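This briefing turns to aromatic contacts, charges placed over rings, and strand pairing. Please keep the sequence and the structure in view while reading.

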Amino acid sequence: MRIKLVIYALVPFILACKSKQKDEKVEEIQEQEEVSLTDYVNPLMGTDSAFDLSNGNTYPAIATPWAMNFWTPMTSKMGDGWTYKYDENRIRGIKQTHQPSPWINDYAAFSLMAITGDLKYKEDERASWFSHKAETVKPHYYKVYLADYDVTAEVTPTERAAHFKFTFPEAKQSYIMLDAFFKGSMVKIIPEERKIIGYCRNNSGGVPNNFHNYFVAQFDKDFEVNHTWTDDWTLINNSKENEGEHVGAIIGFSTKKGEAVHVKVASSFISLEQAQLNLDREIGKDTFEETYNKAKNEWEKELGKIVIEDDNTEHIKTFYSCLYRVLLFPRKFYEYNEKDEIVHYSPYNGKVLPGYMFTDNGFWDTFRAVFPFFNMMYPELNGHIMQGLANTYKESGWLPEWASPGHRDCMIGSNSAPIIADAFLKGVTDIDKEILFEAILKNATTSTGRPLSDGNPIRSVGREGIDYYNTLGYVPYDVKINENAARTLEYAYADFTIAKMAEKLGKNELATKFYKRSLNYKNLFDPSTKLMRGKNKDGSFQTPFNPLKWGDAFTEGNSLHYTWSVFHDVDGLIQLMGGKTEFEKQLDHVFSMPPEFDASYYGFTIHEIREMQIVNMGNYAHGNQPIQHMIYLYNYANAAYKTQEKIREVLTKLYAATPDGYCGDEDNGQTSAWYVFSALGFYPVTPGVNQYVIGSPLFKKATLKLENGNSFIIDAPNNSKKNVYINSVSLNGVLHDKSFINFEDIQKGGTLNFKLHNKPNKNWASTIGAVPYSLSKE
């Protein structure tokens, strides 16, 4: 899709007359050249990152939305989770990747690389110098000049395949190599078919014993040379096949100046035959340009579902760069067989089974805004994801709290419950509601029989400490269950969403039970500090207590962060703190205090702490997920103007479409989804409730093209750098004096109009009934 960017500019207009008149300036609307939405996206946003400081911890994902396979250039060694570092200057290859996070690392990866001259195939030796000045990076296209070899490498993707184009100089020795990576691989060169086939088995956990990624690479030029290498980089000259711990294939030929060699590559988790089928179906006889255009059109279609009109191009670039990240995960882990039936290799039991499967997602991150975004803009897709969750439960007995590709032992909580409940309550269809409700109920009932990793139960699956939680009403601090207070708070919110789903299903007795359990957050509130605090098995609070201590009773945060994790009952938290004035004061304190911290639990300053420290926003740690909703909580205390002020500060200060453009881990689209929602003007503080809490829209106009055919417009014509405060709001022409908007109002279509001002209107949304939902008030 193409749009016209409307630019508002003051231009001089000189009156052509002899009388002495002052020059006037008039406002004139100019139309810039048509631009593609993909031109706004910078996939390099967040790539300037390292272990000790994350500016996103991303890599440039060259892919179609939610694709089974991504492709990315490698500046780092095989197996390094930070596969592309912006400040590195040599490329080792372009690899197929499935990595959701450097902390989770990759699986099923292999790479292609082109060289000329003397044969260099070991990853350190073959690496070529490159420059970002000779690099083009789009969601649908990557191009780089490999300076050491005078070769230009290009790639454009489909969901399960990719089209490479290598442009060579005149050379008697030109090579393309396929590195099948370590941890088990096989390659076979078939010269008569101009083809390399094989498999790779590399993974970082969460796979059955029969896990393989089968690949087919089809070339358009005859091979004059073929070699393979085997373990320890041992070259086997004039060989066509190899299998071992780490093998690779090399094909060679002479080339003319400017000669382009194309490689069509596809893969499958099912079989070599399925990989060939994926290649034939998704690329077939298409030219590179045709594959490129199809990939670009896919992105234009999805990005075009939100149309931004504003004069600040940099903000527009940041918006679409963030939206691109939101549309990458979870990954489609299913394929279409020869009968066009949807099938998947199960990363849980190793069988090929019918139906949808998605993976590469950490629900601890994405329940907050990514899945609520899907419910708003992509209900059909989310229905498919829900089917995939039901299949995961059927195939493993558990829901996938962190999957990559199967169950991984990472993070805490029971956050599949809000994801499932929110989809069901928002009317997403094709949900196997009884199976999914059974699954979330199992999470809240037992921890027996959890899947194993290295012989030990995976603690992220189900609820660690569930027996304590269900008897005491909290997970104790002194029973050797780490991050116990954070677990308690997250379980309580999950219980609320279970209750909401049970209520709609007509299971009223269960609903009552889980509504009551959802108030367990109160068990950790310490009246003496007005903060959440770990509690021992005997009912006493942990001692000593330092609210600045990261980790320990909390997860990647401290008490100042997790105290606000009462998504479903903010008014209840307000009452515990002594009323709205005290609540507002406690919120203010987080921002006004110095960025002090206690890192003793970890033994070093983890990157999340450092990212909080350096942005000069007190103890507000936007770079990590637990506190990202906190700014919106001013609305519950009838101090919405403070939400507006701080939202705008975060949007414009902590995000940019640059390599250092995030303020912490991007994490499967969550930090980006916060930006997308907040830039539109509202945010889903409580998934499972039909409300979005209003902030301060960033753009003059945004149009949501909803899946049901309706359009919802957010209109703020006098928006500016200074005009961040809401003077008034109207919904479809009727004054709207509430600091939230309902899901149904958006889905019906219409216009939400903001009149913004450079000074706060403290009377807007100042009544008791103007605040968003809280369980205690219901």
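Predicted model: local features only at pLDDT ≥ 70, side-chain atom pairs only at ≥ 80, totals over all residues.

Two strands are taken to pair if DSSP finds at least two bridges between them.

**Strand pairing**

- Six strands form an open sheet with mixed pairing, and their order is β23-β37-β38-β42-β39-β40.
- The edges of this sheet are strand β23 (306–309) and strand β40 (734–735), each of which pairs on one side only.
- Opposite L752 in β42 stands I714.

**Aromatic pairs**

- Across the whole structure, a search finds 55 aromatic pairs.
- One of them joins W299 and Y324, whose ring centres are 5.3 Å apart and whose planes stand at 55°, so the pair counts as tilted, given that stacked pairs have planes under 30 degrees apart and edge-to-face pairs over 60.
- Because W299 belongs to helix α3 (residues 288–303) and Y324 to helix α4 (residues 313–326), this pair ties together parts that are 25 residues apart in sequence.
- W299 is buried, its relative accessible area being 0%, and Y324 is likewise buried, with a relative accessible area of 0%.

**Charges over rings**

- K165 has its charged end over the ring of F288, at 5.9 Å from the ring centre.
- The charged end of K535 sits over the ring of Y474, 5.5 Å from the centre of that ring.

Key
Residues numbered from 1 in each chain as written. Heavy atoms only, no water. Phe/Tyr/Trp six-rings, centres within 6.5 Å; stacked < 30°, edge-to-face > 60°. Helix = DSSP H or I, 4+ residues; strand = E, 2+ residues; numbered from the N terminus. Buried < 20%, exposed > 50% of the residue type's maximum accessible area, 1.4 Å probe, protein only. Lys NZ or Arg CZ within 6 Å of the ring centre and 35° of its normal.
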